[in-house]
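Subject: Structure for you to look at, with notes

Dear colleague,

Please find below the structure that I promised to pass on, followed by my notes on what was found in it. I would be grateful if you read the notes with the structure open beside them.

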Amino acid sequence: MSEQAPLDVRVEEHKVQINEQLQRILSSKAFEQSPKMKELLTFVVTQTLDGNGDRLKQFTIATEVFDRDVNFDHQADPIVRIQAGRVRRTLETYYLTEGINDPIVLTIPKGRYCPMFTPRVVSVPSVTETTTHTLAIKPLSPTLTVLPFLSLSEDTEKQYFADGFGEELATELARFDMLKVVSMHALGETNIDPRTSADVKGLGEKLGVSFITSGTMQALGNKMRVYARLYRTDTGEQVWAEKYTCDLTTDDLFEMQDEIIAEIVAELASSFGIIHREIYQSCNQKRIEHLSTYEATLRYRHYLMTLTEDTHQLATQALLSAVQSEPDVALLHAMLAVLYFDAEMLGMNKVDNAVDTALSHAKRAVELEPTNQESQIAMLMAHQVKGDINGILETVDKVLDINPNAAYQIGLSGWALCMAGEFERGLKLIQNSKDLNPFRPPWFSIASIVHLIMQDDFDGADKAVSKLSLRRLFWIPMLKAIIQVYKGEFIQAQASYKEMLQLRPDFEGNEERYICAYISSPEIKNKLLSALARL
């Protein structure tokens, strides 16, 4: 690729070209599930085109995009730097994939927030250049070490609290499948400053880890402020940070500590945590035969966020390839079970004997590792397919017992309970999942929409379903049609029904099959089917 001089944003014709390029990027798969990244990118581009590029400072972006107040301190709260870094990496991914032939390259140079817009001429790199570039990249892996948290107080008791906090955090992180937590004690006594890029990279090389988490604790009267951070060891870059407040006067300090640690581990290590997302961005262009077992599981996690036939097919191919190499890995069988269940329940890719194949993989996963959370998730879906409410209730308890800090699995358990008519507990679990990690599949919201329908709050349900962006999932226009029937809007309902049939042509005549695949509650089934019968 060769580049020319940046476009002059004062020229009206260039503004039109830049806005067209922005729309291409915002509608891409790379940005599809990231509304905050879309908002940030739109803001900096719009401000630049309006001639305000020079006012794009951290304070402006924090207050305009991230709802921070006038007391925002960029040194204590690195939200803008972190989110801008994510936008930069996602743009890089976009131009390596969907945008490889786009006429304009949009970049946000490091150290500034005013974007550049450069026309380009696509050229084919030489084999030598491609090979050299590939060899220079060290692949990320799900490996992590937890540095001791540093107390900024001279109080010995607070230092003990900080030491115990880091040890407990490492213990909870180790509960997550596919994440390897390496002890700092492997190095013996050492002084590491995570704010120094060289120290982060050096520690990563010595311990063989791709990520380091660390933090500090600062006493403020009867409160303790906990700052937690995550770094990539290949670049030394800080990719995540958050702050938490702990009340030292509480009757149960350990309970407060557990709540903070639960939020941290969910943000870092849950199915859609920052570690998995960072690694996915770095390997999503690999050919399936070159994927490691862990990288194959990332294709599955990406499918869960999108629920499209394309990502379903890619995930299935990746996991089938991985399970051939490692046939006794429970996680692979569990994930394949979910994919085959979805092939039947969502009509994905016309797989023969999908349910039988799914059940076979689910049983194999439980045989290999009954305490694996994904194995129990596979069995949870098996009970859903059978309409076995007692089985759902029992399996949800098993899932939660294995790891109560796994945000996605908690949310999915709540979703299954809602579909079984257990809304009170189910919606609470979904909210707990969101509190642990807001980055979650958008289809979790279907549970609250069904709940609103069951409460006859059709206006609320209509408003909620209109916010969902899963344009290729037939459940969305199906729910719209049901809601519109109950509102007496039959013309609109017919239009929504036709839209649904375009996505799932075999739905007519198979209504009960598709609805009962996920919904085990007889009351919910009857209410949804009754509405569809009126169309």
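Two strands are said to pair if DSSP finds at least two bridges between them, and the strands (E, at least two residues) and helices (H or I, at least four residues) named below are DSSP runs, numbered from the N terminus. The model is a predicted one, in which local features need pLDDT of at least 70 and side-chain atom pairs count only at pLDDT 80 or more, whereas totals for chains, interfaces and linings use all residues. Residues are numbered from 1 along each chain as its sequence is written, and side-chain values use heavy atoms, with hydrogens and water left out.

**The strands**

I begin with strand S7, which covers residues 211–220. With strand S8 (residues 223–232), S7 pairs in the antiparallel sense over 10 bridges; in this pairing Phe 211 stands opposite Arg 232 of S8, and Thr 216 stands opposite Tyr 227 of S8. The two strands S7 and S8 form a hairpin with 2 residues between them, and Gly 221 in the turn has a positive phi of about 65°.

S7 also has parallel partners, one of which is strand S4 (residues 143–146), joined to S7 over 3 bridges, with Thr 145 opposite Ile 212 of S7. Strand S5 (residues 150–151) likewise runs parallel to S7 and is joined to it by 2 bridges, and here Ser 151 stands opposite Met 217 of S7.

How many of the 10 residues of S7 are buried? Taking buried to mean under 20% relative accessible area, exposed over 50% and partly exposed in between (1.4 Å probe, protein chains only), 7 of the 10 residues of S7 are buried, so S7 is largely enclosed by the rest of the structure. For S8, too, 7 of the 10 residues are buried, so S8 is largely enclosed by the rest of the structure.

S8 continues the picture on its other pairing, with S9, which is antiparallel over 9 bridges; the bridge partner of Val 226 in S9 is Tyr 244. S8 and S9 form a hairpin with 5 residues between them, and Gly 236 in the turn has a positive phi of about 80°.

Within strand S9 (residues 238–247) lies Glu 242, which is partly exposed, with a relative accessible area of 33%. Leaving aside neighbours within four places in sequence, Glu 242 is in contact (heavy atoms within 4.5 Å) with Val 226, Tyr 227 and Ala 228. The C-alpha atoms of Glu 242 and Leu 230, 12 residues apart along the chain, are separated by 9.4 Å.

**The helices**

Two packed helices are described by the angle between their axes and the distance between the axes. The axes here are lines fitted to C-alpha atoms, for helices over the stretch in contact, and the angles run from 0 to 180 degrees between N-to-C directions.

The axes of helix H21 (residues 475–486) and helix H22 (residues 490–503) come within 8 Å and cross at roughly 160°. H21 and H22 are therefore roughly antiparallel to each other, a term used for angles over 145 degrees, with those under 35 counting as roughly parallel, 65 to 115 as roughly perpendicular and the rest as oblique. On the H21 side the residues that meet H22 include Pro 477, Met 478 and Ala 481, and on the H22 side those that meet H21 include Phe 490, Tyr 497 and Leu 503. The residues of this contact of H21 with H22 divide into 9 nonpolar, 3 polar and 2 charged, where Ala, Val, Leu, Ile, Met, Phe, Trp, Tyr, Cys and Pro count as nonpolar, Asp, Glu, Lys and Arg as charged, and the others, Gly among them, as polar.

The axes of helix H13 (residues 330–345) and helix H23 (residues 511–518) come within 9 Å and cross at roughly 150°. Asp 342, Glu 344 and Met 345 in H13 meet Arg 513, Tyr 514, Ala 517 and Tyr 518 in H23, and the residues of this contact divide into 4 nonpolar, no polar and 3 charged.

**Two single residues**

Val 351 is found in the loop between H13 and helix H14 (354–368) and is partly exposed, with a relative accessible area of 29%. Not counting residues up to four places away in sequence, Val 351 touches Tyr 340 and Ala 343.

Gln 257 lies in helix H9 (residues 253–269) and is buried, with a relative accessible area of 5%. Apart from residues up to four places away in sequence, Gln 257 touches Phe 161, Gly 164, Phe 165 and Glu 168.

With best wishes
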